[in-house]
Amino acid sequence: MRSVWNGTIRLGLANIPVKAYGATEERGTGLHHVHVTDGGRVRHRRVCEVDGAEVELAELARGYVLPGGETVVLTDDDLAGLPLSSSRAMDVQAFAQVEEIDPIYFARTYHLEPEPAGVKSYVLLVEALRRSGRVAVVRIALRQRESLGVVRVRDQVLVLETMLWPEEVRTPDFPFLYQDVEVSEREIRDATELVEGLSEKFTPAHYTDGYRAALRALVQAKIDGNDMVQPAAESQREGAADLLSALRTTLADKRLPRQRVERARAAEAAAEEAKATARKAARKSRETTKS
């Protein structure tokens, strides 16, 4: 697995070199959009709203749209010139109790692996955070943006939780918040007892994705019942072309050893012929000398 960020955890004058790896993955259902009549795959394309042309990746840029409709176009070179002071360092800002941080701020999770030169400092930070019951509040530049984050300990490994900025968290505005709702003390007590009665230690392994299992069963049932469609002829031609290419490659690979043997035999025959010619020339030279 490739690291998504290489740098250092910077704490005062101390630097701990680490690599960051994605700690989680969201598994999709495996379903794609297809044309219901023939099963052809429906793909999304990048199309310009002005001329309707499909846009290649090399022609893409970032744009900041103004209220009047004008657009400020920003290229990769423009963005590369912006200051990201923490691009190669994860600066520790403070230490805090994790309970003080609302989980709504957490965005993505990364495992942090120490470089060989920083293993001792890494382990020392792990123990310091574990014994103090604190997390490190850090600032980091990741995926072309600067983020706030916390570094915490999980199973003796440092984990980075990137966070949203306060302005990225929406404020709920629901009608019931402005209503005077009366709840009796007895109702609160009964609800509290119900919660306590259903409380248990959270064990992730006890929970499974029932929808995914049911979806797999549904797909398998359709396969067993031969309830399938063949994609359109165009995709068949593409698949056939790929198959022919693979077959040609395989055939060339099989022929290669035989061609090598044939070339080796021809080289041996040429060498033997050269030796015989040399022997004849040597005998003729000796006979000439004797006479």
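This dialogue goes through a few residues of a predicted model.

Trainee: In which strand does Thr 162 lie?
Mentor: Strands (E, at least two residues) are DSSP runs, numbered from the N terminus. Thr 162 lies in strand S9, residues 157-163.

Trainee: Is Thr 162 buried or exposed?
Mentor: Buried means under 20% relative accessible area, exposed over 50%, and partly exposed in between, with a 1.4 Å probe and protein chains only. Thr 162 counts as buried because its relative accessibility is 6%.

Trainee: Which residues does Thr 162 touch?
Mentor: Contact means heavy atoms within 4.5 Å. Leaving out residues up to four places away in sequence, Thr 162 touches Tyr 105, Phe 106, Ala 107, Arg 108, Tyr 110, Leu 142, Leu 148 and Gly 149.

Trainee: Where is Thr 109, and is Thr 109 buried or exposed?
Mentor: Thr 109 is in strand S6, residues 106-114. At 19% relative accessibility, Thr 109 counts as buried. Beyond four places in sequence, the residues touched by Thr 109 include Tyr 21, Thr 24, Val 159 and Glu 161.

Trainee: Where does Val 72 lie, and how does Val 72 count by accessibility?
Mentor: Val 72 lies in strand S4, residues 71-74. With 37% relative accessibility, Val 72 counts as partly exposed.

Conventions: Residues numbered from 1 in each chain as written. Predicted model: local features only at pLDDT ≥ 70, side-chain atom pairs only at ≥ 80, totals over all residues. Heavy atoms only, no water. Helix = DSSP H or I, 4+ residues; strand = E, 2+ residues; numbered from the N terminus.
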